[in-house]
Amino acid sequence: MQHLILTLVLVFSSIGMSFAQENDTNKKGTIVTAFVVNALNDKGTIKFAFYTKENFRMKPLFAKSANIENGKSTVTFNNVLKGEYAIICYHDENDNGRMDFLENGMPQESYGTSNNPMNFGPPNFESSKFEVANENLFLEIKF
């Protein structure tokens with residue numbers, strides 16, 4: 001349980017610290033649109049972090065935040081090069097820039113990953129990965 005708590009704290013604090021970053025490349029890539037469809041309320045924001053296998057659950061390649069309207073939130077990642085990636089997002093309901101946990105270590109705020117795997121424990125790249133090729137992608141993420 002302590003391993004799960006520590007891992008989730010590290011993952012969500014790295015997301016919170018990286019929102020100003022954007023891939024600064026002149027190469028044209030694919031557009032990846034990620035959207036959450038089932039936020040419990042419209043308070044706060046949804047924080048999205050975009051990873052490769054090498055940096056998964058560390059410093060994201062891209063990070064963005066979006067408002068919530070009617071339980072839905074959308075972000076767009078531009079110029080994504082071909083490859084395998086995963087997205088982790090969470091509902092920062094109180095807008096404090098980090099994932100909150102209960103005293104027993106369970107997440108207090110909702111979170112999800114690309115592909116919507118039903119894993120127990122921290123997010124996992126293999127079950128969350130998707131492939132970027134030549135076509136734009138639309139990824140629905142559920143909490």
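Start by selecting Lys-64 and Phe-77: Lys-64 lies over the ring face of Phe-77, 5.7 Å from the ring centre (NZ of Lys or CZ of Arg within 6 Å of the centre and within 35 degrees of the ring normal). You are looking at a predicted model, where local features need pLDDT of at least 70, side-chain atom pairs count only at pLDDT 80 or more, and totals for chains, interfaces and linings use all residues. Residues are numbered from 1 along each chain as its sequence is written, and side-chain values use heavy atoms, leaving out hydrogens and water.

Next, select Phe-50 and Phe-62. Their ring centres are 5.2 Å apart with planes at 70°, so this pair is edge-to-face (pairs of Phe, Tyr or Trp rings, the six-membered one for Trp, have centres within 6.5 Å; planes under 30 degrees apart are stacked, over 60 edge-to-face, the rest tilted). Phe-50 belongs to strand β2 and Phe-62 to strand β3, so the pair ties together parts 12 residues apart in sequence (strands are DSSP runs of E, at least two residues, numbered from the N terminus). Both Phe-50 and Phe-62 are buried, meaning under 20% relative accessible area with a 1.4 Å probe, protein chains only.

Zoom in on Ala-34, whose bridge partner in β4 is Val-75.

Methods:
Helices (H or I, at least four residues) and strands (E, at least two) are DSSP runs, numbered from the N terminus. Buried means under 20% relative accessible area, exposed over 50%, partly exposed in between (1.4 Å probe, protein chains only). Two strands pair if DSSP finds at least two bridges between them.
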